[in-house]
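Here are my notes on this one, as numbered points. Have the coordinates open while you read.

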Amino acid sequence: MTTRPDLTLEQQAALLSGHDFWSTEAIEEAGIPSVVLTDGPHGVRCQSGDSDHLGLHASLPATCFPLAVAVGSSWDRSVAEEVGRAVGREARALGVHVVLGPGVNIKRSPLCGRNFEYYSEDPLLSGVLGAAHVRGLQSVGVGACVKHFAANNQETDRMRVSADVDDRTLREIYLPAFERVVAEARPAAVMCSYNKVNGVSAAENRWLLTEVLREQWGFAGVVVSDWGAVADRVAGVTAGLDLEMPGSGGGTDRQVVDAVRDGRLDPRLVEASAYRVLALSDLVRPATGDLDLDLDLDGQHALARRLAADCAVLLKNDDGVLPLRRGQHVAVLGSFATTPRFQGGGSSHIAPTRVDPALDAVRALAAAHGLTVSAADGFPLGADGDARALLDEAVRVAAAADVAVVFAGLTEREESEGFDRDTLDLPPVQVALVRAVARAAPRTVVVLAHGGVVSLEGWHDEVDAILDGWLLGQAGGSAIADLLLGVANPSGHLAETVPLRLEDTPSYLNFPGEQGHVRYGEGVMVGYRGYETLRRAVRYPFGHGLSYTTFVTESLDVALGGDGTVAVRVRVRNAGDRAGKHVVQMYVATDAGPVRRPVRELRAFEKIDLAPGEARDVELTLERRAFAYWDVELDDWVVAPGEYAIQVCADAATVLEARTVTLAGDVVSRPLSMESTVGEWFSHPTVGPAFLEVLAGATGSAPTPDPQEHAGLLRMVESMRMAQFLTFLPIPVPQEKLDELLALGGTVANSATDAAAGNRDHPAPTPPGQPGGP
């Protein structure tokens with residue numbers, strides 16, 4: 001707000017909880033309006049009657065755009081930004097001030113029932129697209145609320161489960177997407193998750209909400225609870241949770257006031273939270289400019305269709321069966337062709353303004369493209385219907401066609417917010433249809449609609465083409481028709497791996513946990529990082545996607561900057577006869593440093609549009625974070641000295657071009673103490689040689705300048721604490737000598753805590769989105 005009114009403690013407390021299910025408290029005497037928040041992120045779920053957070057009650061009509069699972073497969077910042085901007089336009093028109101989204105949680109397991117609301121198994125891709133969505137949404141004067149912070153990667157026991165995650169895994173996998181969105185896009189709000197993080201509720205986790213989010217990343221907006229996530233309101237305020245939603249009828253306001261009065265709660269924390277919530281009032285006032293709030297819903301729908309076409313992934317296309325050709329007779333089969341699955345279930349469920357069934361869209365284009373079309377349901381969507389009769393009819397229709405297109409996927413009964421799946425398989429009735437049609441039709445294409453990865457096993461090799469549409473929103477049927485008939489060229493790439501077996505997934509043995517805890521035992525080896533490092537075969541790797549044209553990577557040049565950055569230039573040519581979009585995927589591979597690194601990690605990407613025969617140079621910059629790991633001893637990012645391979649890849653498993661650079665890295669000094677190991681003492685560049693001299697006096701032997709001559713002995717004792725090792729020497733080492741050595745090592749005698757805290761001589765990392773940041 002332009003002015004900051006004086007508020008009483010009671011008024012401040014009132015701002016910290018909702019007025020009702022979807023709005024904040026207004027304080028009329030202070031001129032403070034109510035702020036309306038509502039579900040998103042791929043459309044506005046604005047409820048006008050009874051309220052709920054599970055999508056059970058009706059909401060006002062709104063355009064349903066491609067879901068995050070689909071936008072992730074676009075690998076396109078502009079798609080994510082346009083979705084955000086379009087949702088923002090409708091939010092403004094409906095009187096909504098903050099839209100809850102985007103969700104940038106990592107797809108740790110393909111079984112997570114809410115994966116449709118998230119972008120990817122990779123934090124870079126998730127963060128870049130999430131930041132673009134926020135920029136688009138907030139560009140029209142609507143606030144974004146990025147969610148769910150943090151380590152909210154399953155629906156099983158989601159209200160209370162403790163996600164037990166080590167610090168390196170948190171910093172490298174589960175926090176970076178949030179960090180990037182905060183630094184680059186400055187969202188109005190961040191929503192804390194239901195779950196615990198390492199035993200502490202996210203809503204009461206000061207380390208998460210204050211130390212990391214505010215102090216380290218510089219977040220200045222509002223931290224809002226997930227709906228109903230607050231158990232201890234006073235603990236939440238202390239931790240940095242500003243706004244409790246929904247409202248408590250004033251009950252928790254009184255708890256806050258009482259806690260301040262009796263000295264249990266610092267009034268400065270209440271004041272800071274209240275004025276952060278108060279700042280959301282700026283969103284209530286109309287944005288400056290000439291924004292047209294008279295929405296063109298036909299235009300919104302057309303936009304949804306265009307964006308959806310950029311999200312579908314062509315997984316397989318044997319002998320170029322797609323696009324469909326003039327003169328062909330096409331059989332459109334499967335109940336999803338007439339009753340499309342286009343969105344997820346739960347709190348983000350949108351009441352669409354209209355829906356395009358794929359069969360109608362194919363028929364609308366068929367005449368202009370010289371096609372004839374027949375159709376059959378093929379399988380029932382519910383318990384009603386004669387599955388055998390529907391299958392037999394579909395087979396007859398398929399046998400009479402040149403190409404059969406089977407629409408298959410999952411319904412909201414198989415996947416939704418609120419529960420996790422227990423299988424990757426398609427329903428058996430659909431698998432039976434695909435296999436029967438593949439035997440009957442000359443050519444078979446399968447079009448998939450689903451929010452989480454599905455298995456392709458048992459039928460993959462029997463079909464000619466697979467087009468994965470994920471969940472494309474209300475215009476998805478028309479977008480699929482555009483892709484099948486070649487009006488649009490597929491350009492999506494997988495944002496998550498398609499495994500051969502559920503048992504192959506890196507999180508398999510640790511998902512979804514037990515007895516109130518889920519252990520993230522795979523560490524940083526999430527998704528493709530795990531598959532590639534373990535050399536585990538997959539059906540389709542992360543980043544895979546085909547096109548109707550051919551792209552060729554012609555050259556790769558890298559140049560090392562003086563500040564440790566690496567400038568990369570790659571030249572790509574469209575060698576085919578169709579215009580198309582291509583994703584340049586840049587990975588970094590190294591084994592430098594004291595920690596195990598994945599075989600390769602995505603560190604930059606860019607989507608480009610090329611005309612037939614056109615070539616373009618794509619320039620990307622890899623900042624220091626592209627080479628860094630999180631050092632748990634230093635509690636900081638560190639670039640280890642050594643070699644780093646810069647790889648341009650077709651996908652996470654296929655390297656097209658590579659160059660190697662040698663980085664000087666960070667000069668890290670780890671202080672020694674009596675709790676440090678013998679190996680750490682010997683390897684210290686200053687203390688090691690001096691200690692050998694002292695050791696010679698204590699053992700009566702000549703010093704050995706090269707410890708490798710006693711490699712066997714050193715390996716046996718190198719893990720011993722120095723304090724323990726000294727007790728085995730025949731002659732005690734004088735204390736003054738130890739003090740001298742410890743001083744050389746940057747610590748004092750018996751200072752185990754100093755060793756744990758660490759010491760660094762390398763520069764502090766720059767937050768992402770700032771000069772020098774990733």
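1. Which residues does Leu208 touch, not counting residues up to four places away in sequence? Phe149, Ala150, Leu175, Val197, Ala202 and Leu213, where contact means heavy atoms within 4.5 Å. Leu208 sits in helix α7 (residues 206-216) and is buried, with a relative accessible area of 1%; buried is under 20% relative accessible area, exposed over 50% and partly exposed in between, with a 1.4 Å probe and protein chains only. Asn489, 281 residues away in sequence, is 43 Å from Leu208, C-alpha to C-alpha.

2. Some housekeeping. This is a predicted model, in which local features need pLDDT of at least 70 and side-chain atom pairs count only at pLDDT 80 or more, while totals for chains, interfaces and linings use all residues. Residues are numbered from 1 along each chain as its sequence is written, and side-chain values use heavy atoms, with hydrogens and water left out.

3. Now the helices, which along with strands are DSSP runs numbered from the N terminus (helices: H or I, at least four residues; strands: E, at least two). Two packed helices are described by the angle between their axes and the distance between the axes. For α4 (residues 123-138) and α6 (residues 176-185), the angle is about 35° and the axes are 8 Å apart. Axes here are lines fitted to C-alpha atoms, for helices over the stretch in contact, with angles from 0 to 180 degrees between N-to-C directions. The crossing of α4 and α6 is right-handed, i.e. the near helix is turned clockwise from the far one by less than a right angle.

4. Who makes that contact? On the α4 side the residues include Gly127, Gly130, Ala131 and Val134, and on the α6 side they include Ala177, Val181 and Ala185. The contact of α4 with α6 splits into nine nonpolar, four polar and three charged residues.

5. On to the cores. The largest nonpolar core has 155 residues, and Phe149, Leu333, Phe407, Trp459 and Leu484 touch the most other members. A core here is a set of buried Ala, Val, Leu, Ile, Met, Phe, Trp, Tyr and Cys residues joined through side-chain atoms within 4.5 Å. Helix α4 supplies the largest share of this core, eight residues. A second, separate core of 37 residues includes Leu7, Leu37, Leu100 and Tyr275. Leaving aside neighbours within four places in sequence, the contacts of Leu484 include Leu322, Val405, Phe407, Val447 and Tyr548.

6. Is strand β14 (residues 403-409) enclosed or open? Seven of its seven residues are buried, so β14 is largely enclosed by the rest of the structure. Val403, Val405, Phe407 and Gly409 cover one face, with Ala404, Val406 and Ala408 on the other. Strand β11 (residues 329-333) runs parallel to β14, joined by four bridges, and Leu333 has Val406 as its bridge partner. Six bridges join β14 to β15 (residues 444-449), again parallel, with Ala404 opposite Thr444. Two strands pair if DSSP finds at least two bridges between them.

7. Further along there is an open, antiparallel sheet of four strands, ordered β23-β22-β27-β28. Its edges are β23 (601-610) and β28 (654-663), each pairing on one side only, and neighbouring strands are turned by 20° on average, direction ignored. Nine bridges pair β22 with β23, including Val583 with Lys607. Five bridges join β22 (residues 580-589) to β27 (residues 642-651); there, Tyr587 partners Gln647.

8. Val639 lies between β26 (636-638) and β27 and counts as buried at 5% relative accessibility. Beyond its neighbours within four places in sequence, Val639 contacts Arg624, Phe627, Ala628, Tyr644, Leu663, Gly665 and Asp666.

9. Last, a three-stranded open sheet, also antiparallel, in the order β20-β21-β24. Strands β20 (551-560) and β24 (615-622) are its edges. Nine bridges pair β20 with β21 (residues 566-574), and Val552 stands opposite Arg573.

Note on methods:
Ala, Val, Leu, Ile, Met, Phe, Trp, Tyr, Cys and Pro count as nonpolar, Asp, Glu, Lys and Arg as charged, and the others, Gly among them, as polar.
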